[in-house]
Amino acid sequence: MLKHRGFPSRLTGTDYQFTIRRNNKKGATPLTVRERYADRRAPDRRADAAFMRELWVYFGEEPFERGNLDAGRLSWLFGREVVPAEEPFDPASYDALLKIDVTRAQASFPEAFAPDEEGFDADEDDFDDYDDDEDDWA
């Protein structure tokens, strides 16, 4: 099972899990399409949006291996915003390739694709003028 290093393990400050620590001895939990009803709790919707944001930041439009991504959390997006990237697709495989359906994901979770709340996306170019030798904290 591929471990996605650097991918957050859960939504900060909650028990909403994004990744698993080890593979299941009985095999990977199959991905299923879970129906998202309009009356879902706000914390659940925030967890879905945060997970979609992390998928977008980590993988972008490229296909990605399921690996240690949590099947339960993926299943809330599977079949809509996250789709199979290969045929035949094995929903019970850690090696299965997935991809983000960008158009559908942007429609469902526009906040996941918006720039940072502060309106600042840090690029390396943003730090070119910074001088490490000066101490501006006096």
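A residue counts as buried when its relative accessible area is under 20%. Keep that cut-off at hand for L74, which is buried because its relative accessible area is 0%. The model on screen is predicted.

**Whole chain**

Start with everything shown as cartoon. There are 4 helices and 3 strands. From the N terminus on, the elements run α-β-α-β-β-α-α. Of the 138 residues, 35% count as buried. The protein exposes about 9400 Å², and carbon and sulfur atoms supply 46% of that area. Take the contacts with a separation of 6 or more: residues 24 or more positions apart account for 70% of them.

**Colour by pLDDT**

The mean pLDDT is 84. Of the residues, 83% reach 70 or more.

Now select residues 118-138. Here pLDDT stays under 50. The model has 5 contacts beyond four places in sequence for this stretch. Where pLDDT is low, the predicted coordinates should not be read in detail.

Go through the pairings one by one. β1 and β3 are joined by 2 bridges. On that side, E65 has L97 as its bridge partner in β3. β2 and β3 are joined by 3 bridges. There, V82 has I100 as its bridge partner in β3.

Show the side chains of β3. Which of its residues lie on the covered face? L98 and I100 do, while L97 and K99 lie on the uncovered one.

**Helix α1**

Select residues 42-59. Helix α1 has 18 residues and reaches 26 Å from its first C-alpha to its last, close to the 26 Å expected at 1.5 Å a residue.

Step past the end of the helix to G60. G60 follows α1 and has a positive phi, near 65°. Most residues other than glycine have a negative phi.

**V82**

Centre on V82, in strand β2. V82 counts as buried because its relative accessibility is 0%, against a cut-off of 20%. Leaving aside neighbours within four places in sequence, V82 is in contact with L55, F64, L74, L77, L98 and K99. Draw a C-alpha to C-alpha distance to K99. V82 and K99 are 5.6 Å apart in space and 17 residues apart in sequence.

**L74**

Follow the contact from V82 to L74. L74 sits in helix α2. Is L74 buried or exposed? It is buried, at 0% relative accessible area. Beyond neighbours within four places in sequence, the contacts of L74 are L31, F51, R66, L69, V82 and L98. L74 and V33 are 9.0 Å apart in space and 41 residues apart in sequence.

**The cis peptide**

Finish in the loop between β2 and β3, where P88 lies. Select E87 and P88. Is the peptide bond between them cis or trans? The bond from E87 to P88 is cis, with omega near -5°. Most peptide bonds are trans.

Key
Residues numbered from 1 in each chain as written. Predicted model: local features only at pLDDT ≥ 70, side-chain atom pairs only at ≥ 80, totals over all residues. Heavy atoms only, no water. Expected span 1.5 Å × (residues − 1). Buried < 20%, exposed > 50% of the residue type's maximum accessible area, 1.4 Å probe, protein only. Pairing = 2+ DSSP bridges. pLDDT = per-residue confidence, 0-100. Contact = heavy atoms within 4.5 Å. Areas by Shrake-Rupley, 256 points an atom, 1.4 Å probe, with all protein chains shown as cover.
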